Amino acid sequence: MQPPENLSAYWQNHLRVAFEKSAPQLYRPMLTASLAHVVMLAEQGLLPAERARQLLGGLRELLAAEDDRFVFDGSVEDVYYLVEQRLAAAAGIKKSELDVQLARSRNDLDAGVFRMVLRDNVLDQARQACAAAEAAAVQADRCAEVLITGFTHRRPAQPTTLGHVLAGYSEALLSQADELLSVYDELDVNPLGSCAFAGTDLPIEPERLGELLGFRESFTSSYEAVAGAEHLMRTAAVQARILATGARMARTMLDWMTFGWIATPDAYCQGSSIMPQKKNPVVLEHMCSMAGAAAADLAATMNNVGAAWYEDSNNATTDVQEHLWRAGDRSVRFLTMMGGLIEELRPQDPPSPEQVVATGATTTAIAEALAGAGIPWRGAHSVVGALVRQAPPAEWTSSVVAAAIAEAGLGEVDDSVVEAALAAGLKPELVLDRPQVGGPGAAAVRRTAELALGRARSLAGEFAARRAVLSEAAAKLDAAVDGVLAGGCG
């Protein structure tokens, strides 16, 4: 069905577009919030029993519909009025007789419903973030002895392991999950009952609304409840953060596939149109692009909020929702793909010790071995630098190293010191024995992975508990509606 052609430019070019984007997101949560509101009004004696039963019956009928159709026909300007229009029909009363907005404004209804939608989405993001962190921790343990060359500034730097990198990324994911938990708790504050912003003289119970909708607590300031945007900006920021860090890991994994260090998984590839031998892991390119889009949504959110007054304003609230829903969905999909990629990660042909040495990645270990024997660090660093400029470490001999030390004016050293330095330079696998906590030593990586796995599962439990609160509230709301319909109030 096409919208009427006689719509004004504003209705055609904004209200219609906004309706088509927001109706699928807001319609059902708005019905659920209205159920709780009518129950509360009935329990407080603010609605006649028969009117409350009519409204609750209508709301339940709308919620029971299997196919929600949203066509902007010009009869209402937004979802708020669509709910009223459909509720009047379902309840069998005139729109002029509706009481569903008694002691409620579109302001606090929107604010509450926005929080409800974002709560669900944050829980979805958190589930995938914890799963990806767990997958990274498991793979870190499996790959704790898979030696690779670590890079800084896109240049070979020092020996490390696949497990060391994956354990680090698991920690980053857990930091993001921690932030999601904090954001969720800030979202989990009920604004319903603040009305336009100044509340009402009617004896309503916002705490009861919060209980029936699963909110942890109700507002302390009715003004901030509808004018505030801190929770919206934090939601946008954590979404952008998840994808930005994930994009860095995606680029690193793409390098690993290009080098042949890990296998390129078929399920995450597209074929070449003309080269049958190629497997193109373009998913990683798409994931980097997704990070850019999340950053744009964050910027749009911040700009919108900054362009608004500190009052109820569409700039700071309604207009940013599109960015948050889109970035939230993108974050869930990104984390799901990242977790799947990490689960399928398999070492293929990591560099040999000789190949690691050839990159120059062991030179720091040589300098440290010399410094450990008493040669000043800067002097040791200069000696190794001079040697590298002459020949790769694999070509050095004990006499060449001793001569370089002497030429630098650092005195004579024992043959054992020189031999230890050469061993450090020719055996990058020695890094697997490094005991430093948090380092690339195999035992240290496995310990980091163990800690990350425990945190991932603990955080997953925190989010599951919050999801359970929402389920319990839904059951409580159903029971409360039944009670009013049966002639009681709870």
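Figure 1. Does Cys143 count as buried or exposed? With a relative accessibility of 2%, Cys143 counts as buried (under 20% relative accessible area; exposed is over 50%, partly exposed in between; 1.4 Å probe, protein chains only). The model is a predicted one, in which local features need pLDDT of at least 70 and side-chain atom pairs count only at pLDDT 80 or more, whereas totals for chains, interfaces and linings use all residues. Residues are numbered from 1 along each chain as its sequence is written, and side-chain values use heavy atoms, with hydrogens and water left out. Cys195 also counts as buried, at 6% relative accessibility. The structure holds zero disulfides (pairs of cysteine sulfur atoms within 2.5 Å).

**Figure 2. The protein chain as a whole.** The protein chain has 16 helices and six strands (DSSP runs numbered from the N terminus; helices are H or I with at least four residues, strands are E with at least two). Of its 490 residues, 49% count as buried. The C-alpha trace of the protein chain spans about 100 × 50 × 40 Å along its principal axes. The protein chain has a radius of gyration of 31 Å, while a compact globule of 490 residues would have one near 23 Å (taken over C-alpha atoms; the globule rule is 2.2 Å times the number of residues to the power 0.38).

**Figure 3. The largest pocket.** The largest pocket holds about 970 Å³ of space (the space filled by probe spheres set on grid points). A pocket here is an open set of points on a 1 Å grid over the protein atoms alone, where a 1.4 Å probe fits, with protein on both sides within 12 Å along at least five of seven lines; lining residues have an atom within 4 Å of a point. The lining of the largest pocket comprises 39 residues, and nearest its centre lie Gly150, Phe151, Thr160, His164 and Val165. At least two lining residues come from each of β1 (147-152), β2 (155-161), α5 (162-187), α8 (230-259) and α12 (363-372). Helix α8 supplies the largest share of this lining, eight residues. By class, the lining of the largest pocket has 19 nonpolar, twelve polar and eight charged residues (nonpolar: Ala, Val, Leu, Ile, Met, Phe, Trp, Tyr, Cys and Pro; charged: Asp, Glu, Lys and Arg; polar: the others, Gly among them).

**Figure 4. The second largest pocket.** The second largest pocket has a volume of about 740 Å³. Its lining has 32 residues, of which Ala18, Asp110, Asn314, Thr318 and Asp319 lie nearest the centre. Two or more residues of this lining are given by each of α1 (9-43), α3 (79-91), α4 (106-142), α7 (222-227), α8 and α10 (321-344). Helix α1 gives the most to the lining of the second largest pocket, namely ten residues. The lining of the second largest pocket divides into 15 nonpolar, nine polar and eight charged residues.

Figure 5. Strands β1 and β2 run antiparallel and are joined by six bridges (strands pair if DSSP finds at least two bridges between them). The bridge partner of Thr152 is Arg155, in β2. Two residues lie between the strands of this hairpin, and His153 takes a positive phi near 55 degrees there. His153 is placed in the loop between β1 and β2 and is exposed, with a relative accessible area of 76%.

**Figure 6. A positive phi at Ala103.** Most residues other than glycine have a negative phi. Ala103, a residue other than glycine, has a positive phi near 60 degrees. This residue sits in the loop between α3 and α4. Ala103 is buried, with a relative accessible area of 10%.

Figure 7. Gln176 lies in helix α5 and is buried, with a relative accessible area of 1%. Gln176 and Gln44 are 132 residues apart in sequence and 42 Å apart in space, C-alpha to C-alpha. Glu322 lies in helix α10 and is partly exposed, at 27% relative accessible area. From Glu322 to Asp297, the separation is 25 residues in sequence and 8.8 Å in space, C-alpha to C-alpha.
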